[in-house]
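Please find below a colleague's note on the structure shown here. The points are numbered so that each may be checked against the coordinates in turn.

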Amino acid sequence: MLERKIIGCLEDIVGSEYVKTSEEDRVLYGYDATPFAPKTLADAVVFPSTADEVAEVVLLANQYRFPVVPRGAGSNLSGGARPIRGGVVLSTQRMAEIIEIDTDNLQARVQPGVVNRDLQLRAQQHGLFFAPDPQSLEFCTIGGNLAENAGGPRAVKYGVTRQHVLAIQAVLPTGGLARFGARTIKSVAGYDMVSLLVGSEGTLGVITEATLRLLPLPQTRSTLLVVFDKVEACARAVSKTLQAKVIPSALEFMDQNAIRCVEAYQPSGLPTGAEAILLVEVDGSNADVDESSKRVEKIMRSSQAAAVTRSTSPEHAQALWKARQAVGPSLARIGPIKVNEDVVVPLSRLAEAVSGIDAISKKYRLACACFGHVGDGNLHVNFLLNDNHPDLMERVEQAVGELFALVVSLQGSITGEHGVGTSKQPYLSLELGDVQMDAMLRVKQALDPLGVLNPGKIFPIDKPFDQGTVG
């Protein structure tokens, strides 16, 4: 536990009402959305309101050598926001101002606690949009999106979060407040620290402000529902679409288990007899959307699609996308406990990945549902369980290990958008060799010599630098 004098110092920095030490508060901020993660407790939860207060907290942590765990909404799925070594959880929820929507330069300046959906709605008032749209956009925060380099359905056309960050203000692990990047589209003045900090899972800095790129809203959008009798044909159709130089704004996949779960949970008119479906969204001018929709339909029919239906109205399209958003919560229909892994493979290997995942689930006798942002090769593989019996959990662990080995053998990655955190630490060496891991550890050690900021995350715990960290 932190000494009373440290708690007093935290209260002096942010105000006594914004330092929480009760067990109830510490439990509330002791977990995130990671399945099966054991409960962990910080010694205190602090709620700064300014970048200067964040800097003072981190400086205090260096002085007394206690961990600081940055936290947005806690919606992440890999354990990155869990205080596994005590110390302080630093919540950014009071830093939730949209500072500026700059319509002249197509930019937004925001604090880290801004909810993604709130930024989307504000930008739309000006005829603009923020492209990154993770499925948790109703409640996830921009700070968390940057920390995890979040993706979403629109990543296939517009890229992930990193591609939409021009500049950031961040408190570095030693307590210095710095600005990186520029409000210009181009800047190569020094190292690209923005790209380094975005996706670093709160281990290299606490982001306190971000300048984000906004885009003009497209004139129109259209959604196509494509039905397949064979899941392998569905996977091949994705590759054919992109090879034909048609880049949808979203290209989402659902297998039969996912379809049936959605229909039982929230009837949406999806075909429960299909082995797989694609939701394909195209956007742009009216003429471009009409032409692209026709091209997509032609490609899909030539790829053995059983049916192709184009949305008849914005309301029809919205209903289809609500069905896609319902997949996550609907999976409890098969098993109330799910292990969700966000693997990614090259588009040319999608069919192999889908077949391999099916073989793994059958080998270990596990219910499995797959869905995801298949347009960029990102599959969400969900092993669904009715309980956490030790034998069942052992089979799941073996299946997950084989899943990661499969995607790496296909030149893919063990995580496309959820991050490593703690849950994927044991598997990181499947993808990264000793030389790569050492280079990353050296960056961490250079920026955070005392190991204060979010220690114990990303790197396997047996790495030398991790053994020397606080906590």
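**Notes on pockets, a helix and selected loop residues**

1. The second largest pocket has a volume of about 900 Å³; the model in which it is found is a predicted one. Its lining comprises 31 residues, and those nearest the centre of the pocket are Arg-154, Arg-221, Glu-281, Gln-318 and Trp-321.

2. Which elements each supply at least two residues of the lining of the second largest pocket? They are α4 (116–124), β12 (220–228), α10 (286–302) and α11 (314–325). Helix α11 provides the largest share of this lining, with seven residues. By class, the lining of the second largest pocket divides into 11 nonpolar, 11 polar and nine charged residues.

3. Rolling a probe the size of a water molecule over the atoms shows where empty space is left. A search of the whole structure gives two cavities of 30 Å³ or more. The second largest cavity has a volume of about 30 Å³. Its lining is formed by Val-110, Gln-111, Pro-112, Ile-142, Gly-143, Leu-146, Ile-207, Thr-208, Glu-209 and Ala-210.

4. The lining of the second largest cavity draws at least two residues from each of α5 (142–148) and β10 (206–213). Strand β10 gives the most, with four residues. Six residues of this lining are nonpolar, three are polar and one is charged.

5. Helix α16 covers residues 434–447, 14 residues in total, and spans 20 Å from its first C-alpha to its last, close to the 20 Å expected at 1.5 Å a residue. Within α16, Met-437, Leu-441 and Lys-444 are buried. These three cover an arc of only 55° around the axis, and therefore lie on the same side of α16. An α-helix has 3.6 residues a turn, so residues three or four places apart point the same way. On the other side of α16, the exposed residues are Val-435, Arg-442 and Ala-446.

6. Most residues other than glycine have a negative phi. Arg-65, which is not glycine, has a positive phi near 60°. Arg-65 is placed in the loop between α3 (51–64) and β3 (68–71), and it counts as exposed because its relative accessibility is 53%. Gln-411, also a residue other than glycine, has a positive phi near 65°. Gln-411 belongs to the loop between α14 and α15 and, at 62% relative accessibility, counts as exposed.

7. The loop between α14 (390–409) and α15 (428–431) also holds Ser-413. Is Ser-413 buried or exposed? Its relative accessibility is 15%, under the 20% limit, so Ser-413 counts as buried. The side chain of Ser-413 reaches the backbone oxygen of Thr-415, at a distance of 3.1 Å.

8. His-164 lies in the loop between α6 (155–158) and β8 (165–171). With a relative accessible area of 3%, His-164 is buried.

9. Thr-312 is in the loop between β15 (305–310) and α11, and α11 is the helix that gives the largest share of the lining of the second largest pocket. Because its relative accessibility is 71%, over the 50% limit, Thr-312 counts as exposed. Thr-312 and Thr-223 are 89 residues apart along the chain, whereas their C-alpha atoms are separated by 8.8 Å.

10. Val-343 is part of strand β16, residues 337–344. At 1% relative accessibility, Val-343 counts as buried. How far apart in space are Val-343 and Cys-368? The distance is 14 Å from C-alpha to C-alpha, for a separation of 25 residues in sequence.

Key
Residues numbered from 1 in each chain as written. Predicted model: local features only at pLDDT ≥ 70, side-chain atom pairs only at ≥ 80, totals over all residues. Heavy atoms only, no water. Expected span 1.5 Å × (residues − 1). Buried < 20%, exposed > 50% of the residue type's maximum accessible area, 1.4 Å probe, protein only. Arc of directions from axis to C-beta. 1 Å grid on protein atoms, 1.4 Å probe; cavity = no way out; pocket = protein on both sides within 12 Å on 5 of 7 lines; lining within 4 Å. Points joined across faces, edges and corners; volume = space filled by probe spheres on them. Nonpolar A, V, L, I, M, F, W, Y, C, P; charged D, E, K, R; others polar. Polar contact = N/O pair within 3.5 Å; in protein donor to acceptor, adjacent residues only side chain to side chain.
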